[in-house]
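Open the structure in your viewer and keep the selection tool ready.

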Amino acid sequence: MRRLSELPSPPPRPVDAHKGTFGRVLLVAGSVGMSGAAVLAGRAALRGGAGLVYVAVPRSILPIVAAGEPSYLTIPLEETEAGGPARSAADLLLARAAEMSVVAIGPGCGRSPEFVRLARKLYRDAPQPLVIDADGLNALAAAAPAVCSRHAGPRVLTPHPGEFARLTQAPITADPAHRETAALQFAAAHGLVLVLKGARTVVTDGERLFVNPTGNSGLATGGTGDVLTGLIAALLAQGMEPFEGAQLGVWMHGRAGDLLAAERSQPGLIASDLPETLCRVWKELGR
């Protein structure tokens, strides 16, 4: 295991670039009552530097999501009676994924059996890098851990401790050494990148390990994980390798939280503050 402390270089920004240079992100997010998750992830992907961002949401909430941000595109999905993405959307999403640089799935999608089957199909079959968060992780958990090894392309999983416990089917403690060991073993066993969230978030591919020094308790509020999902997806779309993209994304997310906490307090920080503040983090990184 190699413990890393230095950040990777941010993706380049050539002066002769165009939208395609910076990649295409497909986000599968949202359901009735959780449209905000799709908006947050979409905004974060844009502020993360992606050239084009497509947000695929259940048809009934598409007007809400489209109104939330004019800079991304939207894709309507067939939905369940509960208002989440239907399993029948899987073939459409796999076809659209072929045009994309990276796919992210899970924020606000709900836990219907139809979405569980859709998420597992994308996890197994999409050859593109796939970032999985929130309800995407819950979809894997019922058949985990064995299902986590069955994937056609690079995978980045971003669980909080409760989601990680469901994935491993074992308790996870707050002890830093236990968190690091459990994350390393899981990533190595399943050939993926794991982002184990929490204080001093752990990022590992089973060989390298990074413990994030940025962030504060102000990030312990609803929606901040959706922002992280969109940000990591944007960095992968710009050509970063999965471990390095996850590492930089986690650091930037925490740094944005630190800047906001210094200005607005930790209790007053909300998730929708973060995407705009990523602009300041980019400036600090020289972009």
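**Stop 1: Ala-134**

Select Ala-134. Its relative accessible area is 15%, so Ala-134 counts as buried, the cut-off being under 20%. Keep in mind that you are looking at a predicted model. Ala-134 sits in the loop between β6 (130–132) and α5. Now check its backbone. Phi of Ala-134 is positive, near 50 degrees, and the residue is not a glycine.

**Stop 2: Arg-200**

Next, select Arg-200. Is Arg-200 buried or exposed? Arg-200 counts as exposed, with a relative accessibility of 52%. Look for it in the loop between β8 and β9 (202–204). Phi is positive at Arg-200, at about 60 degrees, and Arg-200 is not a glycine.

**Stop 3: helix α6**

Select residues 161–168, which form helix α6. Which residues of α6 are buried? They are Glu-163, Phe-164 and Leu-167. Look down the axis of α6: these buried residues fall within an arc of 100 degrees, so they line one face of the helix. Show what surrounds them. The buried residues of α6 pack against α5 (135–141), β7 (155–157), α7 (176–190) and β8 (193–196).

Gln-169 follows α6, and its phi is positive, near 55 degrees.

**Stop 4: α6 against α7**

The crossing of the two helices is left-handed. Now color the contact. On the α6 side, select Pro-161, Phe-164, Leu-167 and Thr-168. On the α7 side, select Arg-179, Ala-182, Ala-183 and Phe-186. Sorted by class, the contact of α6 with α7 has 6 nonpolar, 1 polar and 1 charged residues.

**Stop 5: helix α3**

Move to helix α3, residues 89–97. Its buried residues are Ala-89, Ala-90, Leu-93 and Ala-97. They cover an arc of only 100 degrees around the axis, so they lie on the same side of α3. What do they pack against? Their partners are β2 (24–28), β3 (52–58), β4 (73–77), β5 (102–105) and α4.

**Stop 6: α3 against α4**

The crossing of α3 with α4 is right-handed. From α3, pick Ala-89, Ala-90, Asp-91, Leu-93 and Leu-94. From α4, pick Leu-118, Lys-121, Leu-122 and Asp-125. Together these selections show the contact between the two helices. By class, the contact of α3 with α4 has 6 nonpolar, no polar and 3 charged residues.

**Stop 7: α9 against α10**

Select residues 242–264 for helix α9 and residues 274–284 for helix α10. Their axes lie 9 Å apart, with an angle of about 105 degrees between the helices. The two helices are therefore roughly perpendicular to each other. Show side chains next. In α9, the contact residues are Trp-251, Met-252, His-253, Arg-255, Ala-256, Gly-257, Leu-259, Leu-260 and Glu-263. They meet Leu-274, Thr-277, Leu-278, Arg-280, Val-281, Trp-282 and Glu-284 in α10. Color this contact by class: α9 with α10 has 9 nonpolar, 3 polar and 4 charged residues.

**Stop 8: Arg-3**

Go to strand β1, residues 2–4, and select Arg-3. Arg-3 counts as partly exposed, at 49% relative accessibility. Which residues does Arg-3 contact, leaving aside its neighbours within four places in sequence? They are Glu-180, Leu-209 and Val-211. The C-alpha atoms of Arg-3 and Arg-208 are separated by 5.9 Å, although the two residues are 205 residues apart along the chain.

**Stop 9: Ser-71**

Finish at Ser-71, in the loop between α2 (62–68) and β4. Ser-71 counts as partly exposed, with 47% relative accessibility. Draw a distance line from Ser-71 to Pro-107, C-alpha to C-alpha: they are 19 Å apart in space and 36 residues apart in sequence.

Methods. Residues numbered from 1 in each chain as written. Predicted model: local features only at pLDDT ≥ 70, side-chain atom pairs only at ≥ 80, totals over all residues. Heavy atoms only, no water. Axes fitted to C-alpha atoms, helices over the stretch in contact; angles between N-to-C directions. Helix = DSSP H or I, 4+ residues; strand = E, 2+ residues; numbered from the N terminus. Left-handed = near helix turned anticlockwise from the far one by under 90°. Contact = heavy atoms within 4.5 Å. Nonpolar A, V, L, I, M, F, W, Y, C, P; charged D, E, K, R; others polar. Buried < 20%, exposed > 50% of the residue type's maximum accessible area, 1.4 Å probe, protein only. Arc of directions from axis to C-beta. Parallel < 35°, antiparallel > 145°, perpendicular 65-115°, else oblique.
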